[in-house]
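Please look over the sequence and the structure shown here before reading the report.

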Amino acid sequence: MGVTMKNRPASTFAPLRTRDFRVLWAGQSVSLFGDRVFPIALATLLLTSGRGASGLGLVLAARSVALVAVVLPAGVLADRVRRTHVMFAANLLCLGGVAGLALGRYPVSVGLACVCGAAVGAGEGIFTPAFSAVVPQVLPDEDMQSGNALMSLSSQTAMIAGPALGGLLVALGSLRSAFLIDGATFVVSCACLAAIRVERPEPTGEGMSLRVAAGGFAEVAKRPWVSAVMLMSCVQMVFASATWTLLLPVIARTRLDGTPAYSALLVTFGAGALLGALAASRWRPSRPGAAALAALLPFGAMLAVMAVSRSVFVIGAATALAGAGLEFFGIAWMTALQRGIPERALARVMSLDYFVSGLLYPIGLAAMGPLASHFGAGAILVLGAAVLAASTLGPMFVPGGLDFADPGPAPGPVDRASVVGSSADG
């Protein structure tokens, strides 16, 4: 009952021929729009309440800690029950966290913001492995990279429109409306998930044991290129991503034009990522690992530019290039895992990827604010740029790293699900 669409040229919109992917894409596109409003509202809520960078860092750290805490068991769960059900429950948890920020008393306490942020982070940690693993269930192999790119196109379109709306709502003094809009998008996503028809993973009788969870580690251990990229991501999340996430709104507020500049830079990042997603939807480099890893380097260049520039236009140009490169890397990496990991263990490997990548991220978020206060934001940004450049080289020297695939003969056939979607056009 699988969908067979072979010998078809790569096309950005080919995945939309599959009914279940169309519904999944529509619901996720709406939800992503709300997700992009959220960081503008959250940062403004904390910074205008006098909580400063340290308060914002604590809330972001709480969100990240919750994500890391649940993501491994969430991967085991998503390999055992229907993945759309897992995603539905995760959306409800995120909705509860956003509702708490929308309906709470202002100025918000750091404690309440941490609780709500943790609820959103836990929801994201439960949702993400299931979502990453459900794509191969609704798309044939040849459409997966285009499908991932199409999801990313929606994400980056939302990255442009969401911060713009968030900035407008903040300017109008309507923070509650921003959080309520985000909450409404989770409701739409739940409705779409309820309409998707995918089969639950085959029961094994093993439940949620540690031995089952270890299956994800075993799949990664067979592939040095996978573990090398995961380790690289862990380092870069601490020194590069956490630095950018925390210091961008601070620099925008102290050196540029405040919230309008912050919104504009997020929009610029989204515009660049949109171009990166378009490139990934069409371009199939002969060495996808080399191309994807090289695409990370502009992110480091952006951090260096942020350290010295006082021009929103210069920082914006660097931000656009960083967004394009990061998005291309993300699509190539996800597609490589979806193609290279057996379907029976895919959610567990995806959850392990998010776990390792985010393991030290909360420490980075909590530490970068005090470090920037002590050493200066510029020094921390330069450090992040240097660490990113150095760590990107590592996976290039690991077998399979330049191709994002196992070198030589494959260790065994990848047992993709026999059912790929319900039909080509519903």
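## Overall make-up

The model is predicted, and its chain contains 15 helices and zero strands. Of the 426 residues in the chain, 54% are buried, while the chain exposes about 16400 Å², of which carbon and sulfur atoms supply 69%.

When contacts between residues at least 6 apart in sequence are considered, 88% of them join residues that are at least 24 apart.

## Helix 3 and helix 6

Helix 3, which spans residues 83–103, and helix 6, which spans residues 175–194, have axes that come within 9 Å and cross at roughly 165 degrees. Because angles over 145 degrees count as roughly antiparallel, helix 3 is described as roughly antiparallel to helix 6. The crossing of the two helices is left-handed.

On the side of helix 3, the contact is made by Thr 84, Met 87, Phe 88, Asn 91, Leu 92, Cys 94, Leu 95, Val 98, Leu 101, Ala 102 and Leu 103. Helix 6 contributes Arg 176, Phe 179, Leu 180, Asp 182, Gly 183, Phe 186, Val 187, Ser 189, Cys 190 and Leu 193. Sorted by class, the residues in the contact of helix 3 with helix 6 comprise 15 nonpolar, four polar and two charged ones.

## Helix 8 and helix 9

The axes of helix 8 (residues 224–254) and helix 9 (residues 259–282) come within 7 Å, and they cross at roughly 135 degrees, an angle that makes helix 8 oblique to helix 9. Helix 8 passes helix 9 in a crossing that is right-handed.

In this pair, Trp 244, Leu 248, Pro 249, Ala 252 and Arg 253 of helix 8 meet a set of residues in helix 9 made up of Thr 259, Ala 261, Tyr 262, Leu 265, Leu 266 and Phe 269. By class, the contact of helix 8 with helix 9 has nine nonpolar residues, together with one polar and one charged residue.

## Phe 404

Phe 404 lies in the segment after helix 15, the helix that covers residues 377–393. The phi angle of Phe 404 is near 50 degrees, which is a positive value in a residue other than glycine.

Is Phe 404 buried or exposed? Its relative accessibility is 5%, and since buried means under 20% relative accessible area, Phe 404 counts as buried.

Methods
Residues numbered from 1 in each chain as written. Predicted model: local features only at pLDDT ≥ 70, side-chain atom pairs only at ≥ 80, totals over all residues. Heavy atoms only, no water. Helix = DSSP H or I, 4+ residues; strand = E, 2+ residues; numbered from the N terminus. Buried < 20%, exposed > 50% of the residue type's maximum accessible area, 1.4 Å probe, protein only. Contact = heavy atoms within 4.5 Å. Areas by Shrake-Rupley, 256 points an atom, 1.4 Å probe, with all protein chains shown as cover. Axes fitted to C-alpha atoms, helices over the stretch in contact; angles between N-to-C directions. Parallel < 35°, antiparallel > 145°, perpendicular 65-115°, else oblique. Left-handed = near helix turned anticlockwise from the far one by under 90°. Nonpolar A, V, L, I, M, F, W, Y, C, P; charged D, E, K, R; others polar.
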